[in-house]
Amino acid sequence: MRTLKFVVNGQTIKQDPACNFDGLYPGSEGYLKAEFTFDKEWENTVKVVGFFSNMGKEYEPRLLKDGRTCVIPSDALKNRIFKIQVMGKRGEHKIITNKVMINQKGG
């Protein structure tokens with residue numbers, strides 16, 4: 001399984017510059033995992049990751065049960081481009097990031 005790493009600071013999500021995002025191809029299933037590193041603003045929040053097509057179609061969101069990782073749904077991996085966004089909730093506190101675009105070759 002390959003892991004794509006992301007860094008979340010406040011409401012900003014970006015690709016971890018230490019992670020290689022090259023060589024991704026559409027059509028994977030159960031192969032790509034997303035891993036997130038969060039700053040202190042996200043402490044004690046329940047985190048859910050949203051996945052979207054380039055046209056805005058939403059795919060099955062994933063709960064970060066361990067607070068850091070999830071498998072990327074295969075529907076999101078069918079096209080050349082998909083987007084990821086993280087949402088968190090703690091009591092009345094709600095935080096949402098921007099969407100970060102992931103490019104795959106081909107498709």
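Buried means under 20% relative accessible area, exposed over 50%, and partly exposed in between, with a 1.4 Å probe and protein chains only. Keep that scale at hand for this tour of a predicted model, where local features need pLDDT of at least 70, side-chain atom pairs count only at pLDDT 80 or more, and totals for chains, interfaces and linings use all residues. Residues are numbered from 1 along each chain as its sequence is written, and side-chain values use heavy atoms, leaving out hydrogens and water.

**Salt bridges**

The structure has three salt bridges (a side-chain nitrogen of Lys or Arg within 4 Å of a carboxyl oxygen of Asp or Glu).

Start with R62 and E60. Their side chains meet in one of these bridges, 4.0 Å from N to O. R62 is partly exposed, at 22% relative accessibility.

Next, select R68 and E35. Their closest N and O atoms are 3.1 Å apart. This pair links distant parts of the chain, 33 residues apart: R68 is in the loop between β5 (58–63) and β6 (69–71), E35 in strand β3 (residues 32–38). Strands here are DSSP runs of E, at least two residues, numbered from the N terminus. R68 is partly exposed at 38%; E35 is buried at 16%.

Now go to K78 and D75. The gap between the closest N and O atoms is 3.2 Å. K78 is exposed at 51%, while D75 is partly exposed at 40%.

**Charges over rings**

Select K47 and F38. The charged end of K47 sits over the F38 ring, 5.0 Å from its centre. The rule: NZ of Lys or CZ of Arg within 6 Å of the ring centre and within 35 degrees of the ring normal. Then find K99, which lies over the face of F52 at 3.9 Å from the ring centre.

Definitions and conventions: Helix = DSSP H or I, 4+ residues; strand = E, 2+ residues; numbered from the N terminus.
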